[in-house]
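The following exercises are meant to be worked through with the sequence and the model side by side. Try each task before reading its solution.

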Amino acid sequence: MQLALIKTKVCATLYLRYLLDFRIYQTRRKSHDCNTAWTVIRHRWMKTAPVFCTRNTTKMFSTQTDKESIDMSKFPVERIRNFSIIAHIDHGKSTLADRLLEITGAITKTQKNKQVLDKLQVERERGITVKAQTASLFYEYENQTYLLNLIDTPGHVDFSYEVSRSISACQGVLLIVDANQGIQAQTVANFYLAFEAQLTIIPVINKIDLKNADPERVENQIEKVFDIPKEECIRISAKLGTNVDQVLQEVVKRLPPPTFNREDPFKALVFDSNFDQYRGVIANVALFGGCLSKGDRIVSAHLGKSYEVNELGLLKPEELPMERLYAGQVGYVIAGMKEVKEAQIGDTLYHQKHPVEPLPGFKPAKAMVFAGMYPMDQSDYSTLRSAVEKLTLNDSSVTVQRDSSLALGAGWRLGFLGLLHMEVFNQRLEQEYNASVIVTAPTVPYKAILSSPRLIKNRRGIQKNMVYIDDHRVMMKYLFPLNEIVVDFYDHLKSMSSGYASFDYEDAGYQAADVIRMDILLNGKPVEELTTIVHRDRAYSAGKAMCERLQDAIPRQMFEIAVQAAIGSKVIARETIKAFRKNVLAKCYGGDITRKMKLLKKQAEGKKKMRYIGTVQVPKDAFINVLKRKDK
């Protein structure tokens, strides 16, 4: 009873402080949304609130005493392991990450732990990982506590840049392979990313609990394709937790520790970042030397500006503030960077009094798909510009160039790694920044040589290689024009193979091709956002298909709409969207036919006039949907 009274009194005191704090913030931030202010207060309040917990509460709830009890200086580089989880999409990376977090006590073991590190709403809705996430784990092995820094990465080809950046902060990787599906395209692509970075690779065969699992066949594939002995493979079931503890043991035994020295000057690589409205840029860093303390003055090698470290710590996976970070460790840093342009992915941070040679950084991502993005209302241009800048800070693989359109006004030309990447970026803008935008039809880059026209023989796909991995799986290499695969090739491949086939692609340079420009006209007026480059042999079929899909996508008007595909002045395809028609003869119950004809003629003249002065609104979804080919 006495304990209950104490708890009630403390909670009442905290509640009054909570309300007082909230009243102060309401006064200071009248221009901001009430819910936003409430979230910030709750964040501040929870940092100082004591926690009454039961015996089975884990370290997931970090109190002030927990923070002080972790002395990062007690983790020398010999007891640090930095690793990423890489795999093809849907091979169980996030599920394995959940089990690793549970075993090390980072989160409570419950049935609700599904894709804990997938924090974005778009990740939850689509069931895929689109953003690499970091978590620091403490694992006890042979009476010693090790610091394991885990980075969970995406598996889809459109987000491979996340993988390449993540492995720069690691010394090894867990290569996850589905025991049923075996090696797939992104498995191969991610393996070579790790192999080229000279990282230690631990193959893990997941989903051995499935009915059709064949781990022995997958082991033979790994040995044949990657030249890794089958004895080094670990068989697990991340869903059931089978042999997951063995994975942690092998991480400690097989992966090398970082080769950095605490005695060297401080040097850190910024491998990821995001923007907080009140705290500014939050940079994820890997320390390549020395140590960093709260209050230190650091310099950005990219801009040459100096900052004071306001907060630093670990991600467990939530932020856990610390007093210091040391060489070989991975964490986050908040240093008062208020502008998005101040945070550069791949930047090097160092102490103000001890300049160092900047780290090489990252190779820029090469955009494969380009699309125009415009605000629904030009008055929202400034707001949308801020949202795009903040989101590209978190997704540095997107390239941005200012653009303008006579029809849509000021906007941007954005470059993406694929169509899914583009759709996810647009969805994140809507969900995270409440932005409503118009995205034009995606295009791919071409090089045009202005010379006299000549006939060029074009090949739409050339087989370069074919290797049989085993009796059930074959790997083929083709040289394709990017325009052939970028829109819906992946969807058709999955459909035709019942989900078993997979593919990965990389840039192979430019080749001459017989391509022409095709315009789309609405009532004779060209819509430049729908202009595409097509191969001459496919111009008619592509034009007819686009007209048919626009006919379905554009809503009917009070006047007739002619949808045409044209090459120069020649119209190669046409569809007509019929007008809504009022029955003007409803009031005629008889009489001379000339009266009815007069009414119909008057209606036709009105329709014709509306056609000249009326405007056709193209729905924003149509810009993407019209390019998707229908099944023949």
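**Exercise 1.** In what order do the strands of the open sheet lie, and how many strands form it?

*Solution.* Begin with the ground rules: this is a predicted model, in which local features need pLDDT of at least 70, side-chain atom pairs count only at pLDDT 80 or more, and totals for chains, interfaces and linings use all residues. Residues are numbered from 1 along each chain as its sequence is written, and side-chain values use heavy atoms, with hydrogens and water left out. Strands are DSSP runs of E with at least two residues, helices are runs of H or I with at least four, and both are numbered from the N terminus; two strands pair if DSSP finds at least two bridges between them. The open sheet has 6 strands in the order β2-β3-β1-β4-β5-β6, with mixed pairing. Its edge strands, β2 (133-141) and β6 (234-235), each pair on one side only.

**Exercise 2.** How many bridges join β1 to β4, and what is the bridge partner of Ile 85 in β4?

*Solution.* Strand β1 (residues 80-87) runs parallel to β4 (residues 172-178), and 5 bridges join them. Ile 85 has Leu 174 as its bridge partner in β4.

**Exercise 3.** Why is α4 described as largely enclosed?

*Solution.* First count the buried residues (under 20% relative accessible area, with a 1.4 Å probe and protein chains only). Because 9 of the 11 residues of α4 are buried, the helix is largely enclosed by the rest of the structure; among them are Leu 96, Ala 97 and Leu 100. Next, find their neighbours: these buried residues pack against β1, β2, β3, β4 and α9 (244-254). Finally, Gly 105, which follows α4, has a positive phi near 80 degrees.

Notes
Buried < 20%, exposed > 50% of the residue type's maximum accessible area, 1.4 Å probe, protein only. Contact = heavy atoms within 4.5 Å.
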